[in-house]
Amino acid sequence: MSAAETPLAGILKARIAAQGPMPLSDYMAECLLHPRHGYYSTRDPFGAAGDFITAPEISQMFGEMIGVCLAQAWLDQGEPGHFVLAELGPGRGTLMADVLRSFRKLPALHAAARPILVEASATLRARQAETLAGERAEWRDSIADLPEGPLFLVANEFFDALPIRQFQRDAAGWREVQVGLTDGRLTPGLTAPSPIAELDHRLSDTRPGEVVELCPALPAIAAEAARRIGAQGGVALVIDYGGWHSRGDTLQALSGHAPADSFAAPGTADLTAHVDFEAIARAWSLADVAVTDIIPQGVFLERLGITARAEALAARLSGTAQSAHIAAHRRLTHPEEMGNLFKVIGCHPAGTAIPAGLWPVS
Ligand code: SAH
């Protein structure tokens, strides 16, 4: 083991030496959530001092706008007296805290909400408990563990953290990317080509050499949300970076706000991939829900009134605090910042009003 090697690199190399190369999805899962050495298991990566910054950490306005959207859906659906307010992958708990604070303007809404955080990392659960001190928050391991009932669900930068499989098109089928050892280093390689049933529909729109990605955990998570919402009411909002239809290698590693090598120091960099919103929409469509169009985050926030909110907050600030606030508004909404890179999609029970800020598929 070289001096610079991370503990997780040693563990993965030993496993590959004994058992052979592993699919990229297994590698990613270990890097992110290995119980002792995984990226999310060992740190709070958010904010200026961390590796990346997310929308809720940029400004309270992000969570407030999500709160407005959920509150309107609650009113539109007859103000259910009890509902599960769930967040997938809640990071520091900031978004949930901002949503709950906005709910306090409607006391009956706040009283009806049962906030539940679906979080895999014990370290981040502790951080979320600090942020949400004073709220009756609960934690679960997976969406399947949520209590039944109307479900108001938010997932911001959750699906991009789920492990992906990558496949390179070959004349005879698909070669899967797997992580093996070359001269003692972790390196990506390719399996021999074989047919992959889940990718049969991509044979017609790809050419040999092109890469497509699959997120194996995504369909079941998305379908479970839509089943509950279709049968019991509620709404799901997914905000993430990505697009419609997976195409190309989108795996990326970030460390200290800079791109890193995905294979050099496992467990120390955030690994993400673009979210294929088409896969979410397809899983949702199996339930009795209406699926909205996919729209840019900036447009969604503008339609919910973020600029009026930004102006009201700006009037109470001055000097550098005011400039930082204005920059945060720009960062969340401007097309050259997060406004266009990040997309939003939602689903709601068939026959109910579309969630505020979103629009139907044309
Ligand atoms: N939504 C937050 C954090 C995004 S980072 C924000 O916007 O700031 C991804 C989050 O998902 C982290 O909290 C991470 O620990 C969590 N996570 C990753 N994989 C998970 C899984 N399989 N189940 C539950 N949580 C997971």
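The model is predicted, so local features need pLDDT of at least 70 and side-chain atom pairs count only at pLDDT 80 or more, while totals for chains, interfaces and linings use all residues. Residues are numbered from 1 along each chain as its sequence is written, and side-chain values use heavy atoms, with hydrogens and water left out.

View 1. The ligand is surrounded by 18 residues. Thr54, Gly89, Gly91, Glu119 and Asn156 are the closest. By class, the shell holds ten nonpolar, five polar and three charged residues. Ala, Val, Leu, Ile, Met, Phe, Trp, Tyr, Cys and Pro count as nonpolar; Asp, Glu, Lys and Arg count as charged; the others, Gly among them, count as polar.

View 2. A polar contact is a pair of N or O atoms within 3.5 Å. A polar backbone atom of Gly89 lies 2.7 Å from a nitrogen atom of the ligand. At Gly91, a polar backbone atom is 3.0 Å from a ligand oxygen atom. Ala120 places a backbone N or O atom 3.3 Å from a nitrogen atom of the ligand. Taken alone, the ligand exposes 570 Å², and the protein buries 93% of that. Accessible areas come from the Shrake-Rupley method with a 1.4 Å probe.

**View 3. The largest pocket.** A pocket is an open set of points on a 1 Å grid over the protein atoms alone, with protein on both sides within 12 Å along at least five of seven lines; lining residues have an atom within 4 Å of a point. The ligand sits in the largest pocket, meaning that more than half of its atoms lie within 2 Å of the pocket's grid points. This pocket holds about 1,000 Å³ of space. A volume is the space filled by probe spheres set on the points, which are joined across faces, edges and corners. Of its 50 lining residues, Tyr40, Glu157, Phe158, Asp160 and Ala161 are the closest to the centre. Elements giving two or more residues to this lining include α2 (24-33), β2 (83-88) and α9 (218-232). Helices (H or I, at least four residues) and strands (E, at least two) are DSSP runs, numbered from the N terminus. The lining divides into 27 nonpolar, eleven polar and twelve charged residues.

**View 4. The second largest pocket.** Its volume is about 560 Å³. The lining has 33 residues, and Glu213, Leu214, Cys215, Asp276 and Ala279 are the closest to the centre. Helix α10 gives the largest share of this lining, four residues. By class, there are 17 nonpolar, seven polar and nine charged residues.

**View 5. The largest cavity.** A cavity is a set of grid points where a 1.4 Å probe fits but cannot get out. One cavity of 30 Å³ or more is counted. The largest cavity has about 30 Å³ of space. Among its lining residues are Leu88, Phe159, Val238 and Trp284. Helix α9 supplies the largest share, three residues. The lining has ten nonpolar residues, no polar and no charged.

Notes
A residue is near a molecule or strand if one of its heavy atoms lies within 4 Å of it. A polar contact is a pair of N or O atoms within 3.5 Å; within protein, one must be able to donate a hydrogen and the other to accept it, and residues adjacent in sequence count only if both atoms are side-chain atoms.
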